[in-house]
Amino acid sequence: MNDTGRKGRSPEASVPSAAVSAYIAAVLLLAVGLAVLAWRVHPLMNDATEGTDLVTLAVLCVLGILGSASQERNVGSRIAFSFTSIILLAAVALTGPFGAAVVGAVTCLVVLDKQRLQVRVFNIGMTSAIGSAGGFVYLLSGGSNEVGDVSGVGPLLLHVGVPLMVADVAICLFNAVILSGIVALTQGTPMRRFILGMLGTSGPAYIGYGLIGFLFVILWVPAGVGPASAVLILAPLFVARWAFVQYGDEQRAHERTLSALAAAVETKDVYTRGHSERVASLCDLIAGQLALSHQDTEALRFAGILHDIGKLAIPTRVLRKADRPSDSDLVSIASHAARGVEMVGGIEFLAGSTEAILHHHERMDGRGYPDGLRGEDTPLLARIIAVADAFDSLTTSRFHLEALSVQDALAQLHERARTQLDPSVVAALERSLVRHSWKPTSLEPTVMATAGRAFDHDDPAASDLMAGLAGTENPT
């Protein structure tokens, strides 16, 4: 069996390139305009310090390039570790807004990793613009443009430290706003949600950047250490980077564990071939629309992969039964949520995922299982999995049933909003599929022949059949 003629129209993965290109051009023009204004307000060089300023700028540019090159992106699904923000903040105080604009542009211009031209141009414009903006905020907050002339703890805090922290906050906000625009165009995530989500995850880190940047400036000028201060500041950060890399290795070990567990479920219930990964992918799309934190997004993805792990405790004859399951069979199938938590409850890195695994078959009307939770009493992560689970079931072919198109599946989800599914989560999935293509799944003929007409407990119709099983004892 193939999926010809029943795919329907899948949403396209991207917006018109003209809109994205126009936005990138606008960011680049903003960066150029701010840099020109910065030169007029605070030129980098003067007769007394021309050589010093150029040396400082050159050193900061080199440090920025090294910081970008040392960025560790493979720590987690949404974590990146870099020193670039610290270098940019130091440039604000040491070279002024124009120097910070140059450091930002050079840092992203000379990168070792391969980037599409469009991405690189956007990064150059954005980083240069936030450097200039941070410099202006620093000066407007009373920051000294001659740090070497400031002496004493009080004046340093008043004319360097505090303005630098204010500039740090401005850089964080400006960075979030510019990024939210490109994410809204390419992924459909509302700007406000993205900004709040980014501030929630990156905001605390920027406080640390501000403090380290202030220390960097103090060592560079008032303490007289000069460029060598980079060694004192960045050496400990490289140690921290090493620790982050180890954390990344641990995360990849977790991924291998999850894959092994999901494979065990797929071996027992062949209809779930690829189901766990697809549900996890759908959950990630929904999480982006709801602007969940990194921690919640990771816990959601883990739960998405393992939400059916409890099937390992269900007799194979029940999972592959072709006829309508008996009442005792339904009770046995309903027990998989609680059984799954029993299996993974002792795994420390899955602690944030267990509630979602346990409650992903609860219903908005309170007729779900295992606890009959109603409405928002069901954890949000579980409500997200419920929507992703139902959508994948509807868009996956069965031995006796063709997969629905994306639009038809969404229509069914909307019909079940407020009774079975959370309408806000259904709407979030629909928004995400406007920007990301999703094709119905056609299982291999050999898989469907093996599975036959097995009962699919994820089908929304099965939710009605199993309604009211909350609290029912498992007879097995």
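H4 passes H5 in a right-handed crossing, where right-handed means the near helix is turned clockwise from the far one by less than a right angle, and left-handed means anticlockwise. By class, that contact of H4 with H5 has 18 nonpolar, three polar and no charged residues. For the bookkeeping, Ala, Val, Leu, Ile, Met, Phe, Trp, Tyr, Cys and Pro count as nonpolar, Asp, Glu, Lys and Arg as charged, and the others, Gly among them, as polar.

Before going on, some ground rules. This is a predicted model, with local features needing pLDDT of at least 70 and side-chain atom pairs counting only at pLDDT 80 or more, while totals for chains, interfaces and linings use all residues. Numbering starts from 1 along each chain as its sequence is written, and side-chain values use heavy atoms, with hydrogens and water left out.

Back to the helix pair. Two packed helices are described by the angle between their axes and the distance between the axes. For H4 and H5 the angle is about 150° and the axes are 8 Å apart; axes are lines fitted to C-alpha atoms, for helices over the stretch in contact, and angles run from 0 to 180 degrees between N-to-C directions. Helices here are DSSP runs (H or I, at least four residues), numbered from the N terminus.

H4 (117-140) and H5 (153-187) also meet H1, whose buried residues pack against them and against H3 (84-109). Contact means heavy atoms within 4.5 Å. The buried set in H1 is Val20, Ile24, Val27, Ala31, Leu34, Ala35 and Ala38, buried being under 20% relative accessible area, exposed over 50%, and partly exposed in between (1.4 Å probe, protein chains only). An α-helix has 3.6 residues a turn, so residues three or four places apart point the same way.

Now the cysteines. With a disulfide taken as a pair of cysteine sulfur atoms within 2.5 Å, the count comes to zero. Cys108 is buried at a relative accessible area of 12%, and Cys283 is buried too, at 1%. Cys283 sits in helix H8 (residues 275-290). Setting aside neighbours within four places in sequence, Cys283 touches Leu300, Ile384, Ile385 and Ala388. Asp389 is 106 residues from Cys283 in sequence but 9.1 Å away in space, C-alpha to C-alpha.

Last stop: His457, in the loop between helix H17 (445-451) and helix H18 (460-465). His457 counts as buried because its relative accessibility is 5%. Beyond neighbours within four places in sequence, its contacts are Asp308, Lys311, Ile333, His336, His361, Tyr369, Ala462 and Met466.

Notes
Helices (H or I, at least four residues) and strands (E, at least two) are DSSP runs, numbered from the N terminus.
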